[in-house]
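Visitor: Please show me how to read the side-chain features of a model such as this one. I would like the general idea each time, and then the case at hand.

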Amino acid sequence: MSEYSRSSATFKNYAISLGIIVGILLLMYVVVATRSEERIPTVEYGPDAETLRAEADYPVTLPAEDLPEGWIPTSSHLDINEPMEWSLGFATPQDSHVMLTQSDDDPEHVIAERVKDAEQVGAVNAGDREWEHFDNEDDWRALVSQEDGVTLIVSGPADLDELAYMAGGLRTMPEEDTGEGEGTEDAGSTESPDTEETADGETEPSEP
């Protein structure tokens, strides 16, 4: 009878220990799952684009409107003092980072600041532009285009394919007095620029 009792007690202790272990594992799973579902903070860059369009004497360049899932705008820094510069940062589908910079400052200064000691290693055709390709030993890459007094730079630690994808989808924001949107506005309108195409292809635009 005592042998039976000892067996029962041993099994009971084993079951309790197993339950504790399972509970700990479940708690760890919940914590990990919760963290993996955390969203990367996003920014709405439409207002900065509109401000730059109103102030700059050159066409404003925007990312593609239909960037696929994984391209998340994370930062927007605009300086409308002369010279003007706008830097727009994105998290990428490969968990890296890409920054689009446009500036009418001295090209050598802009390139030196954004290319980070990388050397030109060739050229890349993306979209309707040919880009100078820069690379360095720290896995920092950049694509540079200079035209119409504006320097465009797509840079970051992302793979060249992601940089080229961003560069290839760039579009020009319509002029304020055109009244044109993305094929939906009245091309003959010359009224308020608030009726123009929205700048943010991933978040809801601000109401006029």
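Guide: A salt bridge is a side-chain nitrogen of Lys or Arg within 4 Å of a carboxyl oxygen of Asp or Glu. This is a predicted model, in which local features need pLDDT of at least 70 and side-chain atom pairs count only at pLDDT 80 or more, while totals for chains, interfaces and linings use all residues. Residues are numbered from 1 along each chain as its sequence is written, and side-chain values use heavy atoms, with hydrogens and water left out.

Visitor: How many salt bridges does that rule give?

Guide: The count is 7. In one of them, Glu113 is joined to Arg114, with the closest N and O atoms 4.0 Å apart. Asp128 bridges to Arg129 with a closest N and O separation of 3.9 Å. For Asp139 and Arg141 the closest N and O atoms are 3.8 Å apart. Through shared partners, salt bridges also join Glu85, Glu113 and Arg114 into one network.

Visitor: Which of Asp128 and Arg129 is buried or exposed?

Guide: Buried means under 20% relative accessible area, exposed over 50%, and partly exposed in between (1.4 Å probe, protein chains only). Asp128 has 70% and is therefore exposed, whereas Arg129 has 10% and is buried.

Visitor: What is Thr61 in contact with?

Guide: Contact means heavy atoms within 4.5 Å. Leaving aside neighbours within four places in sequence, Thr61 touches Trp86, Leu100, Gln102, Arg129, Leu152, Leu170 and Arg171. Thr61 sits in strand β1 (residues 61–62); strands (E, at least two residues) and helices (H or I, at least four) are DSSP runs, numbered from the N terminus. Because its relative accessibility is 5%, Thr61 counts as buried.

Visitor: How are aromatic pairs read?

Guide: A pair of aromatic rings is described by the distance of the centres and the angle of the planes. Rings of Phe, Tyr and Trp (its six-membered ring) pair if their centres lie within 6.5 Å; planes under 30 degrees apart count as stacked, over 60 as edge-to-face and the rest as tilted. The structure holds 4 such pairs. Trp71 and Phe90 are edge-to-face, at 6.5 Å centre to centre with 65° between the planes. Trp71 lies in the loop between β1 and β2 (72–79) and Phe90 in strand β3 (residues 85–91), 19 residues apart. Both residues of this pair are buried.

Visitor: Why is the pair of Trp71 and Tyr165 stacked?

Guide: Their planes are at 15°, with the centres 5.9 Å apart, so the pair is stacked. Tyr165 belongs to helix α4 (residues 160–168), 94 residues from Trp71. Trp71 is buried at 3%, but Tyr165 is partly exposed at 44%. One aromatic cluster takes in Tyr45, Trp71, Trp86, Phe90 and Tyr165.

Visitor: What makes a nonpolar core?

Guide: A nonpolar core is a set of buried Ala, Val, Leu, Ile, Met, Phe, Trp, Tyr and Cys residues joined through side-chain atoms within 4.5 Å. The largest here has 29 residues, and Trp86, Trp131, Val154 and Met166 have the most contacts inside it. Two or more residues each come from α2 (46–55), β3, β4 (97–103), β5 (119–126), β8 (150–156) and α4. Another core, of 8 residues, lies apart from it and includes Val110, Ala142, Val144 and Ile153.
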